[in-house]
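Let's walk through this one together, question by question. Have the sequence and the model open as you read.

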Amino acid sequence: MSGSSTEMRTHMCGEPRASEIGSTITVCGWVGRRREHGEHLAFVDLRDHTGLLQCVVDGSVDVRSEYVLSVTGTVSARPDGTVNDKLPTGEVELTDCTVEVLSVAEPPPFPLDERAEEVDETIRLRHRYLDLRRETMQDNLRKRARISSAIRSSMDGQGFVEVETPMLIASTPEGARDFVVPSRLHPGNFYALPQSPQLFKQLCMVGGLDRYYQIARCMRDEDLRADRQFEFSQLDLEMSFAGQQDVLDSVTTAVGAAVAAVGGEPIGDIPRITWREAMDRYGSDKPDIRFDMELVDLTEVFVDTGFNAFKAASIKGIVHRGGSESTSRNRLDDLTESAKRWGAKGLVWMRVEEADGGGVSLSSPIAKFLSEEELAAIADRLGAEAGDLCYLVADDWHRTCHVLGLLRLELGRPAVNEGGLRFLWVVDFPLFEDVDETSGRPVPAHHPFTMPHDEDVALLDGGPEELLAVRSQAYDLVLNGWELGSGSVRIHRAEVQSRIFDLLGIAPEEANAKFGFLLEAFRYGAPPHAGFAFGLDRLVALLLGADNIREVIAYPKTQSGGDPLTSAPGPIDRAHLEELGLRLLPQGT
RNA sequence: GGUCCCGUGGUGCAGUUUGGAGUGCACGCUGGCCUGUCAAGCCAGAGGUCGCGGGUUCAAAUCCCGUCGGGACCGCCA
């Protein structure tokens, strides 16, 4: 029985089959539905995580929903005409039953079947132990465990060493807001919980571990979302004497093992595009490539335009195939409002109609401001056909891409469980995401230990234009439009590192105070190294078709960071505070 | 910090637009009947701070203000 039999049971509820007819077995589980037919006959569905078994008992036995029973009886063939082909155990039933009530149960506060999907999530979380009894949640957690296990096996097989890093670490002001823990032995001082084991894994490389990995818990005190919890799990890895391709290969192998563990199609080679191309074609650094609707560049068409709104650095368009009929004027107004909220000055839309003399014509409130040649060029470049709806945005390159990228998702994005699994590597991220206008300092796009592209190092000495053109050896893994994770080749040479710190305006003393231990470690012989981290919760959710990572986390928190089960967070008493050397400010300050 | 949506017996909903008795539906629960059901069936019954507070009104689930809780999103998440 594959290890499922115990002192208390011989079989799991989902196991008995016709081949075992005649044997006497004992099963344990929870009472599902009962069907009573008077004092002489009742059917009780006994349930555990493997399935359901119908037990035929005397109708005078008082068992209720969710009572915990041990039932000993004979596996019997069901009488003719009563076989239930919807159940794996439906050919048999347990007869001559001896029922022992192991625990009584109050009626559950919500139905423990698929109808629970409709129940207020707070109620599910308040009684999460009941929610977990449901088949869907059992399935989610068991598949998650299989995925974790497959990832560990894959990493072990690739020669990675699993290392645990500390949870109580020094706070660093960069990046996400830390959760902090007051120190009793050092009043007035605090530990931080790790946002990621970033610095420790690099130290592991200096320490000669060669290949490190960990399924690490990370904590960030930032607002929660459907795909973000305070605490989350990452597959975190780092490799010595390795470059980008090595990391991509290792991660691909691990992710492939994860997909295979839940019966997905082999992922094959993951396509790769540059950040620049991703922005150009999809308007996003995490493109959802389950559907096309790519951005088309129209800037050249309008170099000499007389239409003021199109005298812009970048003009792009997308085509909603056959969208004209299904899109009302009201909807177009809503989309225009959305585009403005996303930062655009406006949104130009054009309905594509059959032209009198063959071909197509474009109908739009702004068509009268454009020349025949311009209209023809738009239709031609967009490949517009009658019935299509075209959208154009004109602005600087970044904003044009961003707005059309969001519009593309709004118009075409499939549901979470449709369109298969479309992984994508996005490479050559810019080293800096912006240059601060007042200070002239570049703003790092990744962390400050990210290696610039070798051929772009010279650009570090240039002005804002050159700085923004510097590519980094940083890469993201994207799945169906969700950012799964990111990584980079790290700087291991002191002179490059100090150049970066200098550019970012981090003085040597400051760098020393924040990262001194890492910089010191690098003075003792740092191997070139590169790494990656990706969110396990997000991967599991997407593999299981969940649109929300709470569905694949046993005990998640609500959007406001509370736990309805334990009522965390809560106050602590005065003595406790005093021991930690803390005093609360009055409320409302 | 901001925008939007939701809150009515244990659960899911209708009722709110246009104020008029806690009115209705399904599931669950309790009791009764029932020897082949599997969403069992039939009969009867219990169960309510309409999230909370204030206001308008002869009268508030319904209108107004505030507040709490939940969700989606923007900001934020190196």
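With 4 residues, β1 gives the most to the surface near RNA strand B. Near means that a heavy atom of the residue lies within 4 Å of the strand, and helices (H or I, at least four residues) and strands (E, at least two) are DSSP runs, numbered from the N terminus.

The model is predicted, so to speak of local features takes pLDDT of at least 70 and side-chain atom pairs count only at pLDDT 80 or more, while totals for chains, interfaces and linings use all residues. Residues are numbered from 1 along each chain as its sequence is written, chains are lettered from A and ligands numbered from 1 in the order in which they are written, and side-chain values use heavy atoms, with hydrogens and water left out.

Q: How many residues surround RNA strand B?
A: The closest ones are Glu36, Arg64, Thr82, Glu93 and His446. Sugar and phosphate make up 53% of the RNA strand B atoms that come within 4 Å of the protein. The number of surrounding residues is 44.

Q: How far is the side chain of Arg64 from a phosphate oxygen of RNA strand B?
A: Take a polar contact as a pair of N or O atoms within 3.5 Å; within protein, one must be able to donate a hydrogen and the other to accept it, and residues adjacent in sequence count only if both atoms are side-chain atoms. For Arg64, the distance is 2.3 Å.

Q: Is Glu66 buried or exposed?
A: Glu66 sits in the loop between β3 (51-57) and β4 (68-77), and its phi is positive, near 70°. Most residues other than glycine have a negative phi. Buried means under 20% relative accessible area, exposed over 50%, partly exposed in between (1.4 Å probe, protein chains only). At 7%, Glu66 is buried.

Q: What is the relative accessible area of Phe241?
A: Phe241 also has a positive phi, about 50°, without being a glycine. Its place is the loop between β10 (231-240) and α5 (244-261). Phe241 is exposed, and its relative accessible area is 63%.

Q: What is omega for the cis peptide bond that joins Ala568 and Pro569?
A: Pro569 is in the loop between α14 (536-544) and α15 (574-579). Most peptide bonds are trans. For this cis bond, omega is about -5°.
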